[in-house]
Each structure stands twice: as structure tokens, then as C-alpha cells.
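Let's take a quick walk through this one, starting at the surface and then moving on to a sheet.

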Amino acid sequence: GYTLKYSTDGENWSETIPAGRAAKSYTVFYKYFGDGNHVDSDTRSAEVIIAKAAKPDSLTDVQKPTANTGLKYNGNAQELVTAPQSVPDGYTVQYSTGDGDDAFWTTELPAGTDAGDYTVRVRYDGGESHTDFEDDAIPVTIDKADAPTSLTDNQKPTANTGLKYNGSAQP
């Protein structure tokens, strides 16, 4: 005369074994309910831990962001990397151009405005069910703009004419 029932809150009971869908610690309560001729048992509990899924052993090339090459200063923000074509299931890609305490992680592709060398750090955020991990940092360069090959007359300085020595500096 007993029926085994389960609960995740200690109040609502069911014969269906509870299932966890996210990686975390669960408390499952269980109790034997008597059929009227038998006394109910005391409520007992079991701690169940669903561990985070392990990070992938390796990433394929399509799962990694790539450096944008051939960037030249143009006065506008330019994306430093191209997003991966696909991402491992359960993950989002985050980027940072900072390091250590200066790291600000975002899902937005990082951009650079000035000419110079940048390092883009890449992190795969697994949420609550997958293990987070970082991938290799990506070096990116925005080259200086090319010097003009010709100037218009309005862009050229002109010489002051008719100057005579007067002992003072003259423009």
C-alpha cells in the first residue's frame, strides 16, 4: 500500500520523477504516501547536481571570429573582427579590447577609430549550462591613412612676396 511521490518544493507531489534542464544544484524531496491503511513516511530529500557541459575540445575555423585585414584610417569606426559563421550550441561569443580589470565584455563586434594596433580578446559564454572559455586573442591593425599624392591649389601654402629685411621675423 504505498505510492512513492516526488516534489521539488516539498509541497506539490507527483509520481513523475522530476527532471532538471539546467546545470545547477537541485533538491528533490520524496515521500511514501500510504493508501489509508498505511502511515505516510517522513519526507526525505536528495541533492542532485547537474554539472555544466564541458567546453568543446576544439573550435572549427567557422566557429572563430577572424581579424579584418587591410584596414586603413578613414576617420570612422571600423569593425576589427568578423563574427564567426557558427557558434557551438549553447554559447554566445563576447569580445573585449581591454585586458584584466579593463576588460569590458560585449556581444557587439569591437570597432577601432584610430590608426594603431589592437588586440581583440574572445570569450565564449556558456550561460548557466555550459562551461565558459576564452579563445586566442586576435591582433588587428588599422594602418595610417596614405599621404595625398597631389594637393589642390587651396591646400598648398603660398609664399609671401615683397618681403624686405626689417630685423624681425616675418610670416
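Which residues make a nonpolar surface patch of about 330 Å²?

## The patch

Tyr2, Tyr32 and Val39 make it. Patch members need over 30% relative accessible area and no salt bridge; like charges are joined within 9 Å, and nonpolar side chains (Val, Leu, Ile, Met, Phe, Trp, Tyr) within 5 Å. A salt bridge here is a side-chain nitrogen of Lys or Arg within 4 Å of a carboxyl oxygen of Asp or Glu. Areas come from the Shrake-Rupley method with a 1.4 Å probe, and for residues only the protein chains shown count as cover.

Tyr32 sits in strand β2 (residues 25-34). Its relative accessible area is 36%, so Tyr32 counts as partly exposed (buried is under 20%, exposed over 50%, partly exposed in between).

## About the model

This is a predicted model: local features need pLDDT of at least 70, side-chain atom pairs count only at pLDDT 80 or more, and totals for chains, interfaces and linings use all residues. Residues are numbered from 1 along each chain as its sequence is written, and side-chain values use heavy atoms, leaving out hydrogens and water.

## The sheet

Four strands form an open sheet with mixed pairing, in the order β5-β11-β10-β8. Strands are DSSP runs (E, at least two residues), numbered from the N terminus, and two of them pair if DSSP finds at least two bridges between them. At the edges, β5 (71-72) and β8 (92-96) each pair on one side only.

β5 runs parallel to β11 (residues 133-143), with two bridges; Lys72 has Asp143 of β11 as its bridge partner. β10 and β11 are antiparallel over eight bridges, and Asp117 is partnered with Thr141 in β11. β8 and β10 (residues 116-125) are also antiparallel, over five bridges, with Tyr95 partnered by Val122 in β10.

Definitions and conventions:
Buried means under 20% relative accessible area, exposed over 50%, partly exposed in between (1.4 Å probe, protein chains only).
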